[in-house]
Amino acid sequence: MATVPELRRRLIVAAGVLLLLDVLAAAFFLSPLGQSRALLDLENNRLFIELKAKKDESLGNMDKKLVQAKHDLDSFYGNRFPGQASAVPEELGKLAGASGVRVTEVRYSSEAAGEAGLQRVSMDATLAGDYLQAARFINALERDRMFFVIHEVTLSEQQGGFVRLELKLETYLKGGA
């Protein structure tokens, strides 16, 4: 017959083995392997219906979204791109006058843009004024209704606190003007 310490050790080992079996059984039943085929099919169907609903939600109004995007693009082209080349120097002069800088030189070059019906107008402009006026002019260019893209700004100081501002910028003309 076994002694009490030996029985206690066997009982602890048996309890440990049973506890390990309980943990393994719980892990199996909580994992996808332990679920029945019917439960897996139900979950798959639920996820498929959810996916279809999300696809319908995102793609369902695509025709309306495309029409709206075309309208927005036409509105952008109509409002932000001038139809005549003479509007570009006119707008630059207006902005320069409003901000207090003096335009000393502007060189224009024009080429067809990659977008249908647009023509890129590149400009190298030299302006003179004080620093605050130059900053106002750049700010006015960025906020103007006409679309200007500023590529490079060079600022150099001249006598009497005035600065010389050299800009490389571009805009676009619509309709192959």
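How many salt bridges does the count come to by this rule, a side-chain nitrogen of Lys or Arg within 4 Å of a carboxyl oxygen of Asp or Glu? The count comes to 11 salt bridges. The model is predicted: local features need pLDDT of at least 70, side-chain atom pairs count only at pLDDT 80 or more, and totals for chains, interfaces and linings use all residues. Residues are numbered from 1 along each chain as its sequence is written, and side-chain values use heavy atoms, with hydrogens and water left out.

**Fold and dimensions**

- The chain holds five helices and four strands, in the order α-α-α-α-β-β-α-β-β from the N terminus; helices (H or I, at least four residues) and strands (E, at least two) are DSSP runs numbered from the N terminus.
- The radius of gyration of the chain is 37 Å, whereas a compact globule of 177 residues would have one near 16 Å; the value is taken over C-alpha atoms, and the globule rule is 2.2 Å times the number of residues to the power 0.38.
- Along the principal axes, the C-alpha atoms fill a box of roughly 115 × 50 × 25 Å.

**Surface and contacts**

- Buried residues (under 20% relative accessible area, 1.4 Å probe, protein chains only) make up 21% of the 177 in the chain.
- Of the contacts (heavy atoms within 4.5 Å) between residues at least 6 apart in sequence, 61% join residues at least 24 apart.

**Salt bridges**

- Side chains of opposite charge can pair when their charged atoms come close.
- Arg10 and Glu6 form a salt bridge at 2.7 Å, N to O. Both residues lie in helix α1 (residues 4–30), four residues apart, which means a separation of about one helical turn.
- Arg120 pairs with Glu111, their closest N and O atoms being 3.1 Å apart. Arg120 is partly exposed at 23% relative accessibility, as is Glu111 with a relative accessible area of 42%.
- In the salt bridge of Asp124 with Lys168, the closest N and O atoms are 3.7 Å apart. This pair links distant parts of the chain, with Asp124 in strand β2 (residues 118–130) and Lys168 in strand β4 (residues 162–174), 44 residues apart.
- Asp124 is partly exposed at 26% relative accessibility, and Lys168 is partly exposed with a relative accessible area of 36%. Salt bridges with shared partners join Glu105, Arg107, Asp124 and Lys168 into one network.

Methods: Buried < 20%, exposed > 50% of the residue type's maximum accessible area, 1.4 Å probe, protein only.
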